[in-house]
Amino acid sequence: METDLIIGHHSIREAIQNTRREVVKLICTRDAIGKMGFDTRPLQDKMEIVSSHAVQEMAKKEYAQRGFTFTRVPGQAYLIATQLEPLQAKNVLDQCVKDEKIRIFCLDQVSDVNNAAAILRTAAFYNCPYVIISQKGSFSLSPSFFRIASGAAEVVRLVPVPSLSRFIGQLDDRGVDCVGFSEHAEGDCPEGSSKICLIMGSEEKGLSHAVMHRLKTLVSFKSQGRIKSLNVSVASAIAMDRFFS
């Protein structure tokens, strides 16, 4: 049974309330119980109340077993829960045919956990149900990812695909307007699109060549000051505000 190690009170609460997960163990201090903001009584047989020092020491061992670099666990609590079953690309493609309106966000080789988690949280804010990621070269679902996502990992479905460029072509065949973002682009986004997919590349390399060649529409944000580039999570938030609002 594969499990996730989840930290951060918001993330822990959302994971426990997610019916697609099964709680394995909740480790926390007595003070943390009240601060998490939900009834922990149904978890009595899966909850272990320990000292704040013990929380950190037990978490340190969990991090090591999973190959993560340990950083102090916030809020004196951590959760071990079964992993979410990934949504298949076919399910998203079928939904594109059924729904009159759809929002999709794609991350092309974004590997930084902090950026990816912030983007997922923004996607949840803008009610974007799917974030598509490459099976290779993407971020890991580390404890830090869950903490920064602040519960969004339970709301937004992560959909890994073997080839993002091929998936974009499949979206295009189903009438979805696919819009990529590049600082060198000159194009405009189709206005009033009811089915739209936004694609953002990594900070280091931007969109991959395979994805660039597949896209019919490339746009950029025009700088109004001396700084000409944006952090990928900030750029993603601006893109979602513009095209998902």
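Trainee: Why are Lys90 and Asp94 described as separated by about one helical turn?

Mentor: Lys90 and Asp94 are 4 residues apart in helix 4 (residues 89–98), and therefore about one turn of that helix lies between them. An α-helix has 3.6 residues a turn, so residues three or four places apart point the same way. Helices are DSSP runs of H or I with at least four residues, strands are DSSP runs of E with at least two, and both are numbered from the N terminus. This is a predicted model, in which local features need pLDDT of at least 70 and side-chain atom pairs count only at pLDDT 80 or more, while totals for chains, interfaces and linings use all residues. Residues are numbered from 1 along each chain as its sequence is written, and side-chain values use heavy atoms, with hydrogens and water left out.

Trainee: What makes the pairing of Lys90 with Asp94 a salt bridge?

Mentor: A salt bridge requires a side-chain nitrogen of Lys or Arg within 4 Å of a carboxyl oxygen of Asp or Glu. The closest N and O atoms of Lys90 and Asp94 are 2.8 Å apart, and the pair is accordingly a salt bridge. Side chains of opposite charge can pair when their charged atoms come close.

Trainee: How do you know whether Lys90 is buried or exposed?

Mentor: Buried means under 20% relative accessible area, exposed means over 50%, and partly exposed lies in between (1.4 Å probe, protein chains only). Lys90 has 57% relative accessibility and therefore counts as exposed.

Trainee: Which residues of helix 4 are buried, and why are they placed on the same side of helix 4?

Mentor: Ala89, Val92, Leu93 and Cys96 are the buried residues of helix 4. They cover an arc of only 100° around the axis, so they lie on the same side of helix 4. The arc is taken from the directions that run from the helix axis to the C-beta atoms. The face turned away from this buried side carries the exposed residues Lys90, Val97 and Lys98. Among the elements covering the buried residues of helix 4 are strand 5, strand 6 and helix 7.

Trainee: What makes Lys60 and Glu57 a salt bridge?

Mentor: The side chains of Lys60 and Glu57 meet at 3.6 Å, N to O, and they form a salt bridge. Both residues lie in helix 3 (residues 52–66), 3 residues apart, about one turn of the helix. Lys60 counts as partly exposed because its relative accessibility is 38%, and Glu57 counts as partly exposed because its value is 32%.

Trainee: Why is Ser142 called buried, and what does Ser142 touch?

Mentor: Ser142 has 8% relative accessibility and therefore counts as buried. Ser142 sits in the loop between strand 6 (130–134) and helix 6 (143–149). Contact means heavy atoms within 4.5 Å. Not counting residues up to four places away in sequence, Ser142 touches Leu5, Phe68 and Val113.

Trainee: How do you know that the buried residues of helix 9 line one face?

Mentor: The buried residues of helix 9 are Val232, Ser233, Ala235, Ser236, Ala239, Met240, Phe243 and Phe244. Seen down the axis, they fall within an arc of 155°, so they line one face of helix 9. These residues pack against strand 5 (102–108), helix 5 (113–125), strand 8 (177–181) and strand 9 (195–201).

Trainee: Why is Val234 called partly exposed?

Mentor: Val234, in helix 9 (residues 232–244), has a relative accessible area of 39% and is therefore partly exposed.
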